[in-house]
Amino acid sequence: MARGQIEKRGQRRRKLKPVILIVTEGSQTEPKYFEHYRNRQTNIDIRVVGSHAKGGETDYLALIRKAVEYQSKNQLSVSNGDAVWIVADGDVNYNTPNPIAAKNKLLSKAQKMADAKGIHIALSNPCFEFWYLLHFQYTTKFFKDYPAVKNALTAYLPDYEKTGDVYSQLSDYTADALQNAKRVEQYHLQNGSSKPFGIAVNPFTDIYQLVESLL
């Protein structure tokens with residue numbers, strides 16, 4: 001079977017392992033990170049589908065459509081223990097009118113579509129690298145965008161670039177990241193926000209929920 005393909009239900013008579021499909025907006029950062037879980041896990045079949053789009057803002061609806069396509073094509077079902085996750089960023093363009101409201105409108109529509117298909121969205125605001133940062137520190141400081149998070153992250157990973165593979169530098173601190181992400185979530189809940197968080201909640205990440213399902 002070619003790399004990246006998922007064996008369809010019913011193709012063979014043997015019992016298949018539950019599949020966790022991860023659809024990411026990034027073509028480098030997220031796939032490289034989650035591939036390590038795929039290589040270490042034996043009880044579940046982890047598949048990672050990265051985006052080939054370069055630059056531009058996060059398109060939540062396109063990610064949902066891609067996830068639905070893979071979900072249908074590979075006959076994935078919650079009843080078989082399968083799960084489909086979308087990994088996306090807050091990714092606000094502050095140069096547009098009413099940027100947070102506009103992004104929230106798109107995200108809300110995507111969440112409804114995802115819920116209807118039993119798809120999970122793991123959102124990081126402002127970006128996936130906030131999950132990396134939580135491996136090293138707890139913070140609820142506002143981060144405007146990726147450069148702001150990267151600036152904080154380079155205190156721990158001086159040579160960090162999106163194209164790099166930093167899993168080996170993070171793996172020993174995964175438990176800390178899980179704890180810190182939950183603390184950030186509790187901080188926002190205690191300050192009047194409710195789940196699922198919108199773009200106005202900054203910073204936060206749902207990646208901890210996905211990672212816990214992979215461990």
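Residues are numbered from 1 along each chain as its sequence is written, and side-chain values use heavy atoms, with hydrogens and water left out. As the model is predicted, local features need pLDDT of at least 70 and side-chain atom pairs count only at pLDDT 80 or more, while totals for chains, interfaces and linings use all residues.

**Helix packing**

Helices (H or I, at least four residues) and strands (E, at least two) are DSSP runs, numbered from the N terminus. Two packed helices are described by the angle between their axes and the distance between the axes. Here axes are lines fitted to C-alpha atoms, for helices over the stretch in contact, and angles run from 0 to 180 degrees between N-to-C directions. Helix α1 (residues 29–40) and helix α8 (residues 207–214) have axes that come within 10 Å and cross at roughly 25°. The two helices α1 and α8 are therefore roughly parallel to each other; angles under 35 degrees count as roughly parallel, over 145 as roughly antiparallel, 65 to 115 as roughly perpendicular and the rest as oblique. On the α1 side the contact (heavy atoms within 4.5 Å) is made by Tyr-33, Phe-34 and Tyr-37, and on the α8 side by Ile-207, Leu-210, Val-211 and Leu-214. These contact residues divide into seven nonpolar, no polar and no charged. In this scheme Ala, Val, Leu, Ile, Met, Phe, Trp, Tyr, Cys and Pro count as nonpolar, Asp, Glu, Lys and Arg as charged, and the others, Gly among them, as polar.

Helix α5 (residues 146–153) has Val-149, Ala-152 and Leu-153 as buried residues, where buried means under 20% relative accessible area, exposed over 50%, and partly exposed in between (1.4 Å probe, protein chains only). Seen down the axis of α5, the buried residues fall within an arc of 100°, so they line one face of the helix; the arc is that of the directions from the helix axis to the C-beta atoms. An α-helix has 3.6 residues a turn, so residues three or four places apart point the same way. The buried residues of α5 pack against α4.

**Aromatic pairs**

The structure holds 14 aromatic pairs. Rings of Phe, Tyr and Trp (its six-membered ring) pair if their centres lie within 6.5 Å; planes under 30 degrees apart count as stacked, over 60 as edge-to-face and the rest as tilted. Tyr-33 and Phe-34 have ring centres 5.1 Å apart and planes at 80°, so the pair is edge-to-face. Both Tyr-33 and Phe-34 are buried. Ring pairs also link Tyr-33 and Phe-34 with Tyr-37, Phe-128, Tyr-132, Tyr-160 and Tyr-167 into a cluster.

Ala-181 lies in helix α7 and counts as buried at 1% relative accessibility. Leaving aside neighbours within four places in sequence, Ala-181 is in contact with Trp-131, Leu-134, Thr-205 and Tyr-208. The C-alpha atoms of Ala-181 and Trp-131 are separated by 7.5 Å, although the two residues are 50 residues apart along the chain.

Thr-174 also has its place in helix α7, and at 10% relative accessibility Thr-174 counts as buried. Not counting residues up to four places away in sequence, Thr-174 touches Tyr-37, His-135 and Val-211. Between Thr-174 and Tyr-208, 34 residues apart along the chain, the C-alpha separation is 9.2 Å.

**Backbone exceptions**

Two cis peptide bonds are tabulated here.

| Cis peptide bond | Omega | Loop holding the proline |
|---|---|---|
| Asn-125 to Pro-126 | near 10° | between β4 (119–125) and α4 (129–133) |
| Asn-202 to Pro-203 | about 0° | between α7 (174–190) and β5 (204–205) |

Gln-75 has a positive phi of about 55° although it is not a glycine. Gln-75 sits in the loop between α2 (60–73) and β3 (83–89) and, at 37% relative accessibility, counts as partly exposed. Asp-91, likewise not a glycine, has a positive phi of about 55°. The loop between β3 and α3 (99–117) holds Asp-91, which is partly exposed with a relative accessible area of 24%.
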